[in-house]
Amino acid sequence: MRVAAVGIGGAGGRIVERLWQDSERRETPYLGAACTFDTDTEALGELERLPADRRHAFGLSETTGTGTNGDRASAIAAIEDERREVRRAIDELITSDIDAIVLVAGLAGGTGSGATAHIADALRAVYSTPLYCLSVLPAGSDDDAAANTMQALRALESTVDGQILFDNQAWLGSGQTVDEASETLNETVVARLGALFAAGEATASDTVGQSVVDASEIINTVSDSGFTTLGYASQDLQADSGSGAGTVIDQLKNRFLGDSSDDVDEIEAYNAVETTLRRAVRGKLTTQCELASADRALAVFAGPPAWLIRDAVTDGRRWLTEELQSPEVRSGDMPTPDRNTLSVLVVLSGVTELPRLVELKELADQST
């Protein structure tokens, strides 16, 4: 899936820079374009990997380049003054091969919560390309951050085709702050987004799956579905499998030549697919939800071809359908012949029962 990623505010910029790095490392990059916008020039300057011409300051007359200090109204005034200029900067990067535009923003601060929906509205007026937002929820119990977040979520609901949620609170370690855990948080969300966007971007014949996940499968799962959350799990097959693990020579062959199809035990492969899928669904999601409240799902199985047994993938999809009590479940496989890791990404869309949003709404109500 070819994506144009647009970071808005400090958190959005840092995540888009990580996506840029992740995409560049892949054999087939999934980012067709990337850029960031911020009212804080210092934060833009701290982005070292994203090219300078992809980093844009806006609202300097409103904020003097020092950010909004959490003031959502200030960010709205800033983007209203420069809406056309911001859209033109994005226009320069959008090409005909882009499958979707993804805005990325932390919704606790002023810039991300205030400007993102306005940028989405400006893009919607020009493009029919699917438009999504990675909406990052705040940690802690700050009333103002909660109010910013709830207002931003409501504004985005009417302007984007879907929102992928990431809850900072759920991923913090005991006693950690967001600043202390920022590297881990960004790594976590980028691992999941990268797995989603890279699905179906195969070039070599041995990396084309039996059931290919293409951009349309992702779009049909996420579009017009409200909120989306992502689950992910992986396991090292080389450490767990018995294929060729008996001698040093066999281990070297597996490492440099890939897993041998003849040596993979089908029962072991079947069990690996099943357990990894269940861990992805029942483990920690980007934002926790009641599974039964999802009305669509997509599962992407990635690993050495010999381990992606068709029956296991089919049965996994059947189990997911029963688990979610939803008939609209898609699945596909993505062979990775040069890796000895099996991973499963699960996309749960249309989720309605999200405990963290209930908490944030209660906090926001206290601030009014």
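Reader: In which helix does Ser74 lie?

Author: First, the basis: this is a predicted model, in which local features need pLDDT of at least 70, side-chain atom pairs count only at pLDDT 80 or more, and totals for chains, interfaces and linings use all residues. Residues are numbered from 1 along each chain as its sequence is written, and side-chain values use heavy atoms, with hydrogens and water left out. Helices (H or I, at least four residues) and strands (E, at least two) are DSSP runs, numbered from the N terminus. Ser74 lies in helix H4, residues 72–91.

Reader: Is Ser74 buried or exposed?

Author: Buried means under 20% relative accessible area, exposed over 50%, and partly exposed in between, with a 1.4 Å probe and protein chains only. Ser74 has 10% relative accessibility and therefore counts as buried.

Reader: Which residues does Ser74 touch?

Author: Contact means heavy atoms within 4.5 Å. Leaving aside residues up to four places away in sequence, Ser74 touches Glu62, Thr63 and Thr68.

Reader: How is a pair of packed helices described?

Author: Two packed helices are described by the angle between their axes and the distance between the axes. Axes are lines fitted to C-alpha atoms, for helices over the stretch in contact, and angles run from 0 to 180 degrees between N-to-C directions. Helix H5 (residues 110–124) packs against helix H6 (residues 143–157) at about 15°, their axes being 9 Å apart. Angles under 35 degrees count as roughly parallel, over 145 as roughly antiparallel, 65 to 115 as roughly perpendicular and the rest as oblique. H5 is therefore roughly parallel to H6.

Reader: Which residues of H5 and H6 make the contact?

Author: Gly110, Ser113, Thr116 and Ala117 of H5 make the contact with Asn148, Ala152, Ala155 and Leu156 of H6. For classes, Ala, Val, Leu, Ile, Met, Phe, Trp, Tyr, Cys and Pro count as nonpolar, Asp, Glu, Lys and Arg as charged, and the others, Gly among them, as polar. The contact of H5 with H6 has four nonpolar, four polar and no charged residues.

Reader: At what angle do H12 and H13 pack?

Author: Helix H12 (residues 266–282) and helix H13 (residues 310–324) pack at about 30°, with axes 9 Å apart. These two helices are therefore roughly parallel to each other. By class, the contact of H12 with H13 has eight nonpolar, one polar and five charged residues.

Reader: How many helices and strands does the protein have?

Author: The protein has 14 helices and 10 strands. Of its 368 residues, 54% count as buried.
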